[in-house]
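Reader: I am new to this structure. Please take me through it, one feature at a time.

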Amino acid sequence: MVLAQETLKQIGLVAKESGIAIKTIRYYEELGLLKASDRTEGGFRLFNSNVFARLSFIKRAQSLGLSLLEIKELLDVHDQGDLPCDHIKAKLNDKIAAIAYQIEQLQVLKLELEGLLSGWESVSEIPENTICPIIDPT
């Protein structure tokens, strides 16, 4: 049985087909998120077909709020032959907790701003060394 050799794609074609800039693909490779299979005689990176699944995963994980470092950790687990699903679940739970904290902080800020605006009055006299007496601490 003869295995057909996979056609490797140059970085420019990968960029065109994926819609991701060449510079971004190079950056992902530099961070270890992608690995070029080979290089042409002219030094162009060559990638096999799994690059599209990895790029898609990277973009989706980023859209869920994961950093490139976190994504690399997940891809490393995958590259060792394991499914990173448990790791992803933990990361997403951490993101939910962080978002909940941010929401709390924003609600506190909203109340503070509403308090400032509810007591808003025109200031007829400008005290010395004050930019705006409404928001300057007293």
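Reader: In which helix is Leu-113 found?

Author: Helices (H or I, at least four residues) and strands (E, at least two) are DSSP runs, numbered from the N terminus. Leu-113 is found in helix H5, residues 85-118. Residues are numbered from 1 along each chain as its sequence is written. A word on the source: this is a predicted model, where local features need pLDDT of at least 70, side-chain atom pairs count only at pLDDT 80 or more, and totals for chains, interfaces and linings use all residues, while side-chain values use heavy atoms, with hydrogens and water left out.

Reader: Is Leu-113 buried, partly exposed or exposed?

Author: Buried means under 20% relative accessible area, exposed over 50%, partly exposed in between (1.4 Å probe, protein chains only). Leu-113 has a relative accessible area of 44%, so it is partly exposed.

Reader: How many salt bridges does the structure hold?

Author: A salt bridge is a side-chain nitrogen of Lys or Arg within 4 Å of a carboxyl oxygen of Asp or Glu. The structure holds 7. One of them joins the side chains of Glu-29 and Arg-45, at 2.2 Å from N to O. Glu-29 lies in helix H2 (residues 22-31) and Arg-45 in strand E3 (residues 45-47), so the pair ties together parts that are 16 residues apart in sequence. Both Glu-29 and Arg-45 are buried.

Reader: What separates Asp-76 and Lys-72 in helix H4?

Author: About one helical turn, because they are 4 residues apart in H4. Asp-76 is partly exposed at 27% relative accessibility. Lys-72 is partly exposed too, at 26%.

Reader: Which residue forms a salt bridge with Lys-91?

Author: Glu-73 does, with the closest N and O atoms 3.0 Å apart. Lys-91 lies in helix H5 and Glu-73 in helix H4, so this pair ties together parts that are 18 residues apart in sequence. Lys-91 counts as buried, at 18% relative accessibility. Glu-73 is partly exposed, at 38%.

Reader: What is the volume of the largest pocket?

Author: On a 1 Å grid over the protein atoms alone, a pocket is an open set of points with protein on both sides within 12 Å along at least five of seven lines; lining residues have an atom within 4 Å of a point. The largest pocket has a volume of about 160 Å³. Helix H3 (50-63) and helix H4 (68-79) are the elements that give two or more residues to its lining. The largest share, 4 residues, comes from H3.

Reader: Which residues line the largest pocket?

Author: Among them are Asn-50, Phe-57, His-78 and Ile-88. Arg-54 is also in the lining, and its place is in helix H3. Arg-54 is buried, with a relative accessible area of 12%.

Reader: How far apart in space are Arg-54 and Leu-83?

Author: They are 14 Å apart, C-alpha to C-alpha, and 29 residues apart in sequence.

Note on methods:
1 Å grid on protein atoms, 1.4 Å probe; cavity = no way out; pocket = protein on both sides within 12 Å on 5 of 7 lines; lining within 4 Å. Points joined across faces, edges and corners; volume = space filled by probe spheres on them.
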